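This report is meant to be read beside the sequence and the coordinates.

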Amino acid sequence: MEHGRKKEQKEVDPKILEAKKEREQKRIEEYRQLLRDVRHKRAAQERDDAALALTRSILTINPEAYDVWNFRRVILIEQFGQLPPDEVQTRCKAELRLLDELLKVFPKSYWLWNHRQWVLQTLPHPEKEIARDLALVAAMLNLDARNFHGWDYRRYLIAFRDPAIPNGISTPKTEFDYTTKKIDQNFSNYSAWHYRSTVLNKAFASGGLEEQLEKDFELVRSAIYTEPADQSAWLYQRWLLGRQQSNVLSCLGGFLVGPPSLDGETGILVVFSAAVDVVAPPVVCLNTTALVGVSMRPVSPAHLQERTPAESTTTTTTSSQFWFLGFPNDATLVSGNSRTIHVRSLHEAFQAPSGLRLHRTVDLELDVEGDLSRFVVPFTGEYVDADHVMRAFRVSQGSEVVSDHESRTTHVNQWAPQPVSRDILLREIESLRELIEIEPDSKWPLLTLVYLLDRLGGDDLKEREEILDRLSHLDRKREIFYQDLKSRRRFDKIVSSILKG
Amino acid sequence: MTHADDSTHTGNRPRNKRVKYPLEVPANLTLDTESHVTYIKELDNKKDTLEYWVTEHLRLSGVYWGLTALAIMGRKDELDREQVIEFVVGCQHRSGGFGGSREHDPHMLYTLSALQILAVVDALDAVDREKVMQYVLSLGNPDGSFRGDEWGEVDSRFAYIALQCAALVEAADRKYGVGVWRGSAQGTPKGVGGVEERVEGGERGGTASQPVDAPSTAPPPPSQPESLTSPPPPQPSPSSSSPHANPPKTSRLGRLDTDLIASWVLRCKNFDGGFGNVPGAESHAGHIFTCVASLAICGRLDLVDRDLLGWWLAERQLANGGLNGRPEKLEDVCYSWWVLSSLQILGRDHWIDSRALAGFILSCQDSSGGFSDRPPDMPDVFHTLFAIAALSMIGYPGLNAVDPVYCLPTDVSRKLGMVVEWG
């Protein structure tokens, strides 16, 4: 539905009104005639150049006519079937140029962006156009930095896989740098902050994350000192700061493990936030087919436990933070084209000895292209290379679990790339207090301060309650929200005093 | 899926709402019901505008928006029921899906509008629902996502559509009996030739239809992934199924695997607790609604971080009372619905200032009826529905309650026994 359609001034002169009406009637008649013609062509299955020209005429007037796009694709598919690849390439390029023109006028039409993806998938040599499209969408995001279709399309291009560009057109680091550029242009670009949250871990998966986090805190500080009322950087900062570790059992992720050659046992190592037992075997699927004969055993080498979070010290012989799901001897698994390995319903399969269960549904998923051995982390018997495990751990605490082999879980804790140290908390609190001195009536530093004081702990709610009361006055539209935060803190205090006995 | 107690008027809404209408509405800001009713009724008489013709492809949604707005205002009889049903039926294709108008290709967007219209006019027996579900299921992907049509676009809107379609079909099957519709012999489980006859007899007879010119190479014809489908449930005789039966909690809704769908929806979740239209996409209030309402239908609201997302949604309210859809964007009346319904489903609608919102919504009324996105823009029927629905949620006097999960009058979802837990 079109938004922001400006109201026209009511015309009073009857002559002008009449002329306007006439022009409108003429345009309607022309448009309806085009529609009649194209429907006639479609009914008669005439997928010729004249039909193609008709669809173009209609779509130039109305790019939302989705079924005209459908017919246009049907014609193109048929015509392309009879052309050599280089001519298909030329025709597809012409199609992209048509879309360039239309997107200038209608940058938010879902149907246009859909058609563009189709053209890209249809191109015999998409790699030649992807770089150009990336530049085009960057130009569009210079004009409207918040067009989510543009950002989605950029992500689509980045994820595009083609034999000619096996590693894609861009790296996570390139994408991370792009978000820095967009944020530097305008601190208020929430779309860029969002994208940053999704690529931060991937961009620094092989090191440098902690240094980058320091730089990100600095970036946020520049943004909030420049414009304390702008939400964008504050929301990102809340994510950077993370939240209190909760007492919740979660699956931190998984990755493929196996011996350097695939003669030995290969499988998936699943990692939890605490030791768990098996209740029922999880379902392991290759594409959509469940694998039969998956073996399961806990893995608990001593040197791993030393480096795991404190919760795992209760590990016994039957429960473990690490579970190995061994693949059956299946040739289709080891080699083949692109395929997806899923582990389904982990929440039904595992629970902690205390009876605590995963509070979210958890599935793991891994896309494998070509030879499985390229994705496998070296693994021999009971021994897992601790460096690999630690890398998976670190990454899995972010929004997406990504090993260096592109494994990912579908459900992970969306919070915080890294746990934040007490030193950082104290430093940020200090910085907030300074900002509050300068901007006493700015609500964002006050609210953030409440959260940071929560994180420091302590039973004394006085300062936090005073701030929340102040916020209720400063920001009346959300008055009840602040009062709810206040009562929630009182409630938690009472509960914790009961638990302490 | 968990069905709430049907005896409550608005589902499991918390009783402790602190902000209640009647608010003191300024005298110049009252809902001009009569002019909105006239505006909606006149929409089909605007054939002398190009606007009418370039929006033809979404006419079925237009009827849903207008009809539902009328129903909330207690005036749904202003549209001719039989005419409405005839139009809807004429938009169905052999595949079971509906086009946006006669002679338009089927798409998920219009398939849901069709069922919603039929639900509002109490005529879900007018079409072959089994065919509709076959169409919906044919667009499911193994990962729990859904395509909008055979061309393959994936979006959280389509997962929501699949779920609401399934909820409506399940409800109607309980009411009329599985396979029982006007084109079937009463009590015969499957309509034989019903859709074909009906479609051929309609205006689109003889025109191009889907199977004839379906694309021959890409994309591949949708296959029914095993993980999404299971054999149809045993068919109870109509007399044995109570229209208000609450099925036991299960991870299925009809033939949909709600846990699988919920797991895909969760992949759209972001660092701010919100949801985008696809995994990796920025949080957007419209897509948050489709994801949160989807999880509500799946009975998996436990997967939403209510406080975090509730806070983000509450921050959509701007100084003038209106709501935007993303940080640092302009207000737009349609977000009154997307944001407020999400907040209501999460039980956090008291975190914004309803009185200020009502003032903004009412300021978007056009003097000749209908609502615009913001003054002084042109009104349209899309913004008109979401303005009136939001006013109803706020508690504006004289409006019928609206179900925040389905955007249907609560009276409709309650009678169909499809109210789910929220709030």
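Predicted model: local features only at pLDDT ≥ 70, side-chain atom pairs only at ≥ 80, totals over all residues.

Residues are numbered from 1 along each chain as its sequence is written, chains are lettered from A and ligands numbered from 1 in the order in which they are written, and side-chain values use heavy atoms, with hydrogens and water left out.

**Chain B**

Chain B contains 15 helices and five strands; both are DSSP runs numbered from the N terminus, a helix being H or I with at least four residues and a strand E with at least two. Of its 423 residues, 65% are buried, where buried means under 20% relative accessible area, exposed over 50% and partly exposed in between (1.4 Å probe, protein chains only). The accessible surface of chain B is about 13900 Å², with 53% of it on carbon and sulfur atoms; such areas come from the Shrake-Rupley method with a 1.4 Å probe, and for residues only the protein chains shown count as cover.

Chain B is split into domain 1 (1-54 + 301-423) and domain 2 (80-211 + 248-267), with bounds from an automatic or database domain assignment. Between these two domains, 13 residues of domain 1 of chain B are in contact with 18 residues of domain 2 of chain B, contact meaning heavy atoms within 4.5 Å. The two domains of chain B bury about 1200 Å² between them, 66% of it on carbon and sulfur atoms. Buried area is the accessible area (1.4 Å probe) that two parts lose on being put together, summed over both.

Helix H5 of chain B covers residues 108-120, and its end C-alpha atoms are 19 Å apart, which agrees with the 18 Å that its 13 residues should span; the expected span is 1.5 Å times one less than the number of residues. Because 12 of the 13 residues of H5(B) are buried, this helix is largely enclosed by the rest of the structure. After H5(B) comes Asp122(B), with a positive phi near 55°.

In H11(B), seven of the nine residues are buried, including Trp311(B) and Trp312(B). Ala319(B) lies in the loop between helix H11 (306-314) and helix H12 (334-345) of chain B and is exposed, at 73% relative accessibility.

**Interface with chain A**

87 residues of chain B are in contact with 76 residues of chain A. The area buried between the two chains is about 7400 Å², and five salt bridges cross this interface. A salt bridge is a side-chain nitrogen of Lys or Arg within 4 Å of a carboxyl oxygen of Asp or Glu.

**Salt bridges**

The structure holds 50 salt bridges over all chains. Three of them are listed here.

| Pair | Closest N and O atoms |
|---|---|
| Arg478(A) and Glu315(B) | 3.6 Å |
| Asp144(A) and Lys108(A) | 4.0 Å |
| Arg75(B) and Glu78(B) | 2.8 Å |

Asp144(A) is partly exposed at 26%. Arg75(B) is partly exposed at 21%, as is Glu78(B) at 27%. In chain A, Arg97(A), Asp100(A), Arg116(A), Glu129(A) and Asp133(A) are linked in a network of salt bridges.
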